[in-house]
Amino acid sequence: MARQAGFPSVSADDILSRPMFIRQLDTPALLVDLDVMERNLRRAAEYARAHDLRLRPHTKTHKVPELARRQLELGATGITVAKVGEAEVMLGADPPDLLVAYPIIGRSKLERLAAVARRTRVTVMLDNLHAARQLSDAAREAHVEFGVLAEVDVGLGRTGVTPGDELVEFIRGLLRLPYLSYEGIGFYPGHIRSLDNDGLNQIEELDRLLNSVIERLRREGLPPRVVSGGSTPTLYHSHRIRALTEIRPGTYIFNDRNTWLAGACKPEDCAASILVTVVSTSRPGQVIVDGGSKTFSSDRLAPSPEPSFGYVLEAPGAVFTRMNEEHGYLDARKAGVELAVGDRLRIIPNHICTAVNLHEKMYGVRGDRVEAVWEVAGRGKLQ
Ligand SMILES: Cc1ncc(COP(=O)(O)O)c(C=O)c1O
């Protein structure tokens, strides 16, 4: 990035009315390389088509209805969210089908979800009959029906019923509840974090585990029509998990440093970066930029103990060692370039989903040009 001269400033509202350049954006700013994003979206859509898998992307990564719309245009059959607030926002993409991959508990949330279900088909993934009964009651009161996926724990140890008798009993319980339609099973393979030998073995184990789960459910007369799984690290290995009918990757739209270090994408597949400005170089060998934990989130590198909060594109040798809320500390001793106050740098965050949640706007860029600006409408929708 070139050193910034003068103080050009343009508000986001001006953007579409006249040509705009990255150098005019104030920092910190969340940039998305439109060509890379489009390539990531197309590749996943083509992969899903080639392997006869439905693609229901998790929109918690981008939180932008316009981008969900693009995913649908490219062939996604529906979308996924975690929170009711995200579901409400994503109605803006006009999805034909919406999966809430999170158990929704409590009357006020369920009333809101029922209102969403009046506008599009809603399926909820859950793992307990308490949640299912509440969902059934909310559906009755609102005169809607919800699809349900029984969540199975396949190794992450987070949510999900343990495969075996417990799962069979749970699905029998679901079938007894009115206004819910049992569609099948869902899982999240978040324990598979990298594509090294261990990761590939875990994918094989998952294939075997799911086959045995489905065989058992068939024997019990409870065959799942939908088997919903998938994550970004496992995305392009989904065909090895033969029982899958649907995948729900989220991060793949942008990728991030964790995806790259997991071996699940190349550095050039990382579409999102955060543009920051050098604000101080008062200590020799150290550079302070105007983004800290309120800009990047504090998520560490998942597959490595290295203390690094992002990858500096213009100075790959600089190490992003520390953060305060508004300050990022770069150890610039091996930066390989001279960095001065006013320089602007792009940094790929470790975990893009939590970083996006911190930004009001997302700037779509091509080369030096800013071609789109989106409101991150789903940010902060925690309820
Ligand atoms: C239930 C569920 N499904 C899908 C995903 C998407 O996975 P990824 O972020 O690896 O693309 C997540 C991510 O947290 C998830 O929790």
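Biologist: Which space does the ligand take?

Modeller: Keep in mind that this is a predicted model. A pocket is open, whereas a cavity is a space from which the probe cannot get out. With that in mind, the space taken by the ligand is the largest pocket.

Biologist: Nice. Which residues lie nearest the centre of the largest pocket, and what is its volume?

Modeller: Its lining is made up of 42 residues, with Lys60, Arg158, Tyr188, His351 and Cys353 nearest the centre. By class the lining has 15 nonpolar, 15 polar and 12 charged residues. As for the volume, the space is about 1200 Å³.

Biologist: Which residues come nearest to the ligand itself?

Modeller: Around the ligand there are 13 residues. Their classes are four nonpolar, six polar and three charged. Those that come nearest are Lys60, Arg158, Thr232, Gly250 and Thr251.

Biologist: At what distance from a ligand oxygen atom is the polar side-chain atom of Thr251?

Modeller: A nitrogen atom of the ligand lies 3.1 Å from a side-chain N or O atom of Arg248. Lys60 has a polar side-chain atom 2.9 Å from an oxygen atom of the ligand. For Thr251, the distance from its polar side-chain atom to a ligand oxygen atom is 2.7 Å.

Biologist: And how much of the ligand's exposed area does the protein bury?

Modeller: Start with the ligand taken alone, which exposes 390 Å². Of that area, the protein buries 88%.

Biologist: Which residues line the largest cavity?

Modeller: By class, its lining has five nonpolar, two polar and three charged residues. By name, the residues are Glu151, Val152, Asp153, Val154, Leu156, Gly157, Arg158, Thr159, Phe187 and Tyr188.

Biologist: And which residues line the second largest cavity?

Modeller: This cavity holds about 30 Å³ of space. Its lining has five nonpolar residues, one polar and no charged ones. The residues are Leu41, Ala45, Leu55, Gln71, Leu74 and Tyr252.

Biologist: One for the backbone: which peptide bond is cis, with omega near -5 degrees?

Modeller: Most residues other than glycine have a negative phi, and most peptide bonds are trans. Pro28 sits in the segment before β1 (29-33). The cis bond runs from Thr27 to Pro28.

Biologist: Last one: what is the phi of Asp52?

Modeller: Asp52 is found in the loop between α1 (34-50) and β2 (54-55). Its phi is positive, in a residue other than glycine, with a value near 55 degrees.

Conventions:
Residues numbered from 1 in each chain as written. Predicted model: local features only at pLDDT ≥ 70, side-chain atom pairs only at ≥ 80, totals over all residues. Heavy atoms only, no water. Near = heavy atom within 4 Å. Polar contact = N/O pair within 3.5 Å; in protein donor to acceptor, adjacent residues only side chain to side chain. Areas by Shrake-Rupley, 256 points an atom, 1.4 Å probe, with all protein chains shown as cover. 1 Å grid on protein atoms, 1.4 Å probe; cavity = no way out; pocket = protein on both sides within 12 Å on 5 of 7 lines; lining within 4 Å. Sits in = over half its atoms within 2 Å of the grid points. Nonpolar A, V, L, I, M, F, W, Y, C, P; charged D, E, K, R; others polar. Points joined across faces, edges and corners; volume = space filled by probe spheres on them. Helix = DSSP H or I, 4+ residues; strand = E, 2+ residues; numbered from the N terminus.
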